[in-house]
Amino acid sequence: LDGMTLYNPFHSIGLFSVFDTDIMRNADVYTGGFSAEYGGRISSVMDITTRDGNKNALRGKIGGSTFGAKLLLEGPVFKAKEVGGGSSSFIISAKHSYLEQSSKLLYEYIDEEGLPFNYTDVYGKMSFNGSNGSKLNLFGFSFNDNVKYRAVSDLKWNATGAGSNFVLVPQGSPVLVEGNFSYSKYEISLEEENREPRSSAIDGFNLGLNFTYFLLKDEIKYGVEVLGFATDFKYFNDAGRK
């Protein structure tokens, strides 16, 4: 997502992803082979890019359903003083589920106590655009999922992250420079009745610098990427040893 690694893009209920389609600019899905820029991946790749906020006026959107509600807010931080001039904008998206409460009224035939699925997703982005085409983006997210199976188990996970990317257009040069840096963390825990809780976590960073050299009608792309991650596990066996 905008160069950040997401370790779980779907909520436990199975019907919703963490992505808000209202802020997506494009989505590239690679189910098999993919280019060197996705090196190190051993399965499919889903590359999501978000759009910039409105650069001219403050805009908003509110939506709701029997599952949950969402809010979108976007607008300029400072407007361009002239056509093609520098500008800045922001966009914020938030989603929240109230299915556990609404299901007691609307889906009583499924479970009179309600469906125990809850989630909250927040994503924010600021974009700074230069008059020569250069650009800087700052963004961050917080995705939370919580499932409470009454008298059986509770499953919850939290994903957070922040990062930036930029595009640099040097004047008089045929080279386009792009870079990104981001950090993300994913934590998941399971608490079962009459058993010790279990949890695991993974966090990591990625740093990349890419160059595109334009040669007549052709282009040459090259770059470097650095990845790092750490894991943490808490578990138990039948003998009770952790």
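This tour moves through a predicted model, one selection at a time.

**Stop 1: the second largest pocket**

Start with Phe 16, Phe 19, Lys 70, Lys 95 and Tyr 119. Of the 15 residues that line the second largest pocket, these lie nearest its centre. The space inside comes to about 210 Å³. Now colour strand 3 (59-64), strand 4 (68-78) and strand 5 (87-97). These are the elements that give two or more residues to the lining. Which element gives the largest share of the lining? Strand 4 does, with 3 residues. Colour the lining by class next.

**Stop 2: Lys 70 and its partner**

Stay on Lys 70, one of the residues nearest the pocket centre. Show its side chain together with that of Asp 20. The two meet in a salt bridge, 3.3 Å from N to O. Lys 70 sits in strand 4 and Asp 20 in the segment before strand 1 (24-30), so the pair ties together parts that lie 50 residues apart in sequence. Are the two partners buried or exposed? Lys 70 is partly exposed, because its relative accessible area is 24%. Asp 20, at 5%, counts as buried, since the cut-off for buried is under 20%.

With Asp 20 and Lys 70, they are linked in a network of salt bridges. Over the whole structure, a search finds 11 salt bridges.

**Stop 3: Asp 52, between two lysines**

How far apart are the closest N and O atoms of Asp 52 and Lys 135? They are 2.6 Å apart, in a salt bridge. This pair links distant parts of the chain. Asp 52 is in the loop between strand 2 (45-50) and strand 3, while Lys 135 is in strand 7 (residues 135-149), 83 residues away. Both Asp 52 and Lys 135 are buried.

Now turn to Lys 55. Lys 55 also forms a salt bridge with Asp 52, with the closest N and O atoms 3.6 Å apart. Check the surface here. Asp 52 has a relative accessibility of 14% and so counts as buried. Lys 55 is at 28%, which makes it partly exposed.

**Stop 4: His 11**

Select His 11, in the segment before strand 1. At 4% relative accessibility, His 11 counts as buried. Which side chains make polar contacts with the side chain of His 11? Asp 121 is one, at 2.8 Å. Asp 145 is another, at 2.9 Å. Leaving aside residues up to four places away in sequence, His 11 touches Phe 16, Ser 17, Val 18, Tyr 119, Asp 121, Asn 144, Asp 145 and Trp 157. Two of these names come from the first stop: Phe 16 and Tyr 119 are among the residues nearest the centre of the second largest pocket.

**Stop 5: Ser 97**

Follow Tyr 119 across to Ser 97, another of its contacts. Ser 97 is in strand 5. With a relative accessible area of 2%, Ser 97 is buried. Where does its side chain point a polar atom? A polar atom of the Ser 97 side chain lies 3.2 Å from the backbone oxygen of Phe 67. Show the rest of the neighbourhood too. Not counting residues up to four places away in sequence, Ser 97 touches Phe 67, Gly 68, Phe 117, Asn 118 and Tyr 119.

**Stop 6**

Finish with the backbone. Most residues other than glycine have a negative phi.

Asp 2 lies in the segment before strand 1. Its relative accessibility is 7%, so Asp 2 counts as buried.

Look for it in the loop between strand 10 (198-215) and strand 11 (218-234). Is Leu 216 buried or exposed? Leu 216 counts as exposed, because its relative accessibility is 86%.

Definitions and conventions. Residues numbered from 1 in each chain as written. Predicted model: local features only at pLDDT ≥ 70, side-chain atom pairs only at ≥ 80, totals over all residues. Heavy atoms only, no water. 1 Å grid on protein atoms, 1.4 Å probe; cavity = no way out; pocket = protein on both sides within 12 Å on 5 of 7 lines; lining within 4 Å. Points joined across faces, edges and corners; volume = space filled by probe spheres on them. Helix = DSSP H or I, 4+ residues; strand = E, 2+ residues; numbered from the N terminus. Salt bridge = Lys/Arg side-chain N within 4 Å of Asp/Glu carboxyl O. Buried < 20%, exposed > 50% of the residue type's maximum accessible area, 1.4 Å probe, protein only. Polar contact = N/O pair within 3.5 Å; in protein donor to acceptor, adjacent residues only side chain to side chain. Contact = heavy atoms within 4.5 Å.
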